[in-house]
Amino acid sequence: MTMARRTITVHQVRALLSGVRRRGVDTVPLLQRAQIPPLLLGDERARVTPAQFVRLFRELYELTGDEFLGLSTAPSRPGTFAMMCHASLGSRDLGAAIERGVTFYGLFPGGPDLTLVREGDEAVLVVRNDFASEEQRFLAECVVIIWHRLCSWLIGRRIPLSWASFTSPAPPYKDEFPQLFGCPVHFGASRTGAAFPARYLAAPLVRDEGELAQMLRRAPFELLSRREYGTTVAEQVRRALVRALGDSPRLPALGEIAARLAVSPATLRRRLAAESTSYKELKDSVRRDAAIAGLAEGSEPIAELAARLGFSEDTAFHRAFRRWTGTTPGAYRLATAAPGETRSQQS
């Protein structure tokens, strides 16, 4: 059974492709090899699985030979990120590791122009590049996400962000940002960056060369994929829902989840609202992600998938799936089948 990992909006797929599109590259073959139906890109509600997104990322990486995938004014040669990680690994603490990484990327024109600023009790990682175009704005988002998750990985625990900000206007997928960063996100700000408690700068690095080599084999996909650290209330609820979905088609009520987390239902609602989400939204997104993953990556008959996700009848599942993605379950499965593959479980 496919686990319900968080799916990715089609707006982010378009942004990922924007660099090669600017060069006039035909993106249809790239999408097909990644098993992403090209027609999905025309639907504002469409979403893809992390596996599809990773396949597209790898296709672009091979095509461009550029760690920035054509999104920057100058390419970054393959291996640059790995050498930055190796250079930072021997640092005495996270603050020194960040400073070393900032210095490393400062050697390359066209790369992220980063600086670490200490402001009272907060540390702010600032991206100073003037990312004005659409593809550069997306690169800025990726840089902030990757650096935050790399820092968390280096010290072995998720660093809670106080806020993240971008100088660019809000993109069409702005509603994804609270889940991506787990903090308030501001657009049209005076600078691009993210803040976290400065005390984390003194945290020792807990990774060795072997662990780094293992991480780099999957980077940057590992860092771009959402890690469920369980440190926000929304993550704890989502993880409980995913687990529950694996055991039973009936997802627990809010009161049951609240009891598991040892809080009252009212407290749970309030804490989720403070993280810009709700129990209903989380429950809906878990079912949506499980449905998309099941259709794109599994061979379970659609009727059985609908029942496993707790839908009492196929028609209710079809209505929900169309609301989530703009297409039907059968059409989505057929479109995401690998070239030459046939799916016998269309109904």
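Author: There are 14 salt bridges in this predicted model. Take three of them in turn.

Start with E119 and R191, whose side chains meet at 2.9 Å, N to O. This pair links distant parts of the chain, 72 residues apart. E119 belongs to strand 3 (residues 114-119). R191 sits in the loop between strand 6 (185-187) and strand 7 (192-197). E119 has a relative accessible area of 34%, so it is partly exposed. R191 is partly exposed too, at 23%.

Next come R158 and E235, at 3.9 Å, N to O. They are 77 residues apart. R158 lies in the loop between helix 6 and strand 5 (163-166), and E235 lies in helix 10. Buried means under 20% relative accessible area. R158 has 7%, so it is buried. E235 has 1%, so it is buried as well. R158 has another neighbor: F181 touches it, along with E141, V144, I145, L161, A164 and F166. F181 is also one of the residues that touch the most other members of the largest nonpolar core, which holds 104 residues.

The side chains of D289 and R238 meet at 3.0 Å, N to O. D289 lies in helix 13 and R238 in helix 10, so the bridge ties together parts that are 51 residues apart in sequence. D289 is buried, at 0% relative accessibility. R238 is buried at 2%.

How values were computed:
Residues are numbered from 1 along each chain as its sequence is written. This is a predicted model: local features need pLDDT of at least 70, side-chain atom pairs count only at pLDDT 80 or more; totals for chains, interfaces and linings use all residues. Side-chain values use heavy atoms; hydrogens and water are left out. A nonpolar core is a set of buried Ala, Val, Leu, Ile, Met, Phe, Trp, Tyr and Cys residues joined through side-chain atoms within 4.5 Å. Buried means under 20% relative accessible area, exposed over 50%, partly exposed in between (1.4 Å probe, protein chains only). Contact means heavy atoms within 4.5 Å. A salt bridge is a side-chain nitrogen of Lys or Arg within 4 Å of a carboxyl oxygen of Asp or Glu. Helices (H or I, at least four residues) and strands (E, at least two) are DSSP runs, numbered from the N terminus. Lists of a residue's contacts leave out its neighbours within four places in sequence.
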